[in-house]
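Okay, everyone, let me put the model up on the screen.

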Amino acid sequence: MKRPVVGVIGNRYIVENRFAVQMTGERNLASIASVTGALPLIFAGEPNITGIGDLLDAVDGIVLTGARANVHPSRFNTEPDTKHEPYDQDRDSVALPLVEACVAQGVPIFGICRGFQEMNVAYGGTLHPEIREIPGRMNHRMPRLENGEIHPDPEVVFADRHDVRLTPGGTFAGLFGRETIRVNSLHGQGILETGTRVVVEGIAEDETIEAIKIDGAKGFALGVQWHAEYDPETNPVNRALFQAFGLAVRDYARGRGS
């Protein structure tokens with residue numbers, strides 16, 4: 001059997017203040033290649049470029065990555081605010097229907113950070129633009145220096161920062177072989193209300209939702225709020241996630257004769 005293919009969503013950026021490009025973090029690609037054994041291919045988060053039907057004909061799985069831009073508030077009936085920019089409405093237009101299409105067709109889909117949030121919004125859930133503003137919540141954003149700049153050391157930025165309690169007997173607890181894990185934290189926005197088919201299986205110490213699955217999905221359909229792509233080669237929690245996704249991708253490819 002040929003190497004399975006995993007589509008990785010792109011994010012729109014303007015380079016040199018003039019050139020529109022589609023980009024994704026290299027760690028996403030490296031994690032797919034090294035842990036799942038699949039070939040990662042970036043597709044445009046732009047509806048005029050990417051047709052969902054054609055995309056799903058070409059891939060054996062989908063990863064919805066994290067991103068700098070937030071899901072646009074209009075997608076969950078909230079007024080936008082400039083302080084919560086940037087947004088990427090083109091990605092919204094691809095990612096949200098893509099979630100539903102993958103779930104309906106049994107195409108393995110793995111959501112990370114923004115991708116996790118997109119899975120919730122796709123099923124009618126809502127997001128809070130700044131989780132740390134909710135009383136009792138911690139600051140889930142990446143560590144910064146006293147002058148406000150992002151900490152220069154990636155090992156500090158992506159270090160595990162809080163525990164996540166997993167549902168006993170749930171999918172995630174089964175994957176990890178335990179009911180408490182420790183994860184990194186690099187997000188401002190988070191789930192407020194869950195969508196109709198969204199099942200919560202992991203909650204942080206401050207009650208922030210961290211792990212979900214889609215109820216009744218025909219295939220792998222899991223999302224995590226943390227950045228699992230950072231270190232799955234060495235981190236047993238993140239490795240287990242990518243290994244499980246990789247197994248689902250290979251099974252899906254085998255089932256359709258890829």
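So, strand 2 and strand 3 (residues 19–23) pair in the antiparallel sense, over five bridges. For the record, two strands pair here if DSSP finds at least two bridges between them, and helices (H or I, at least four residues) and strands (E, at least two) are DSSP runs numbered from the N terminus. This is a predicted model, where local features need pLDDT of at least 70 and side-chain atom pairs count only at pLDDT 80 or more, while totals for chains, interfaces and linings use all residues. Residues are numbered from 1 along each chain as its sequence is written, and side-chain values use heavy atoms, with hydrogens and water left out.

Back to the hairpin. Y13 has V21 in strand 3 as its bridge partner. Three residues sit between the two strands, and E16 takes a positive phi near 55° in this hairpin.

Is G10 buried or exposed? With 0% relative accessibility, G10 counts as buried; the cut-offs are under 20% relative accessible area for buried, over 50% for exposed and partly exposed in between, using a 1.4 Å probe and protein chains only. If you want a sense of scale, G10 and E207 are 197 residues apart in sequence, and their C-alpha atoms are 30 Å apart in space.

Now, pockets. The largest pocket has a volume of about 770 Å³. You'll ask how that's defined, so: on a 1 Å grid over the protein atoms alone, a pocket is an open set of points with protein on both sides within 12 Å along at least five of seven lines, a cavity is a set where a 1.4 Å probe fits but cannot get out, and lining residues have an atom within 4 Å of a point. Grid points are joined across faces, edges and corners, and the volume is the space filled by probe spheres set on the points.

Which residues lie nearest the centre of the largest pocket? Out of 32 lining residues, those are A67, R68, M142, L186 and H227. Strand 2 (11–15), helix 1 (26–36) and helix 4 (114–122) are the elements that give two or more residues to that lining. Helix 1 gives the most, with three residues. By class, the lining has 10 nonpolar, 13 polar and nine charged residues. Here Ala, Val, Leu, Ile, Met, Phe, Trp, Tyr, Cys and Pro are nonpolar, Asp, Glu, Lys and Arg are charged, and the others, Gly among them, are polar.

Next up, salt bridges, meaning a side-chain nitrogen of Lys or Arg within 4 Å of a carboxyl oxygen of Asp or Glu. The count comes to 10. One of them joins R114 and E118, with the closest N and O atoms 2.7 Å apart. Both R114 and E118 lie in helix 4, four residues apart, about one turn of the helix. R114 is buried at 2% relative accessibility, and E118 is buried too, at 0%. Those two also belong to a network of salt bridges with R91 and D92.

Another salt bridge is D163 with R182, closest N and O atoms 2.9 Å apart. This pair links distant parts of the chain, with D163 in strand 8 (residues 162–166) and R182 in strand 9 (residues 180–183), 19 residues apart. D163 is partly exposed at 28% relative accessibility, and R182 is partly exposed at 38%.

Last topic, aromatics. The whole structure has five aromatic pairs. Rings of Phe, Tyr and Trp (its six-membered ring) pair if their centres lie within 6.5 Å; planes under 30 degrees apart are stacked, over 60 edge-to-face, and the rest tilted. F110 and F220 are edge-to-face, 6.0 Å centre to centre with 85° between the planes. F110 is in strand 6 (residues 109–112) and F220 in the loop between strand 12 (209–214) and strand 13 (221–224), so this pair ties together parts 110 residues apart in sequence. Both F110 and F220 are buried.

F110 also pairs with F245: the centres are 5.8 Å apart and the planes at 45°, so that one is tilted. F245 lies in helix 7 (residues 236–255), so here the pair ties together parts 135 residues apart in sequence. Put together, F110, F220, F242 and F245 form one aromatic cluster.
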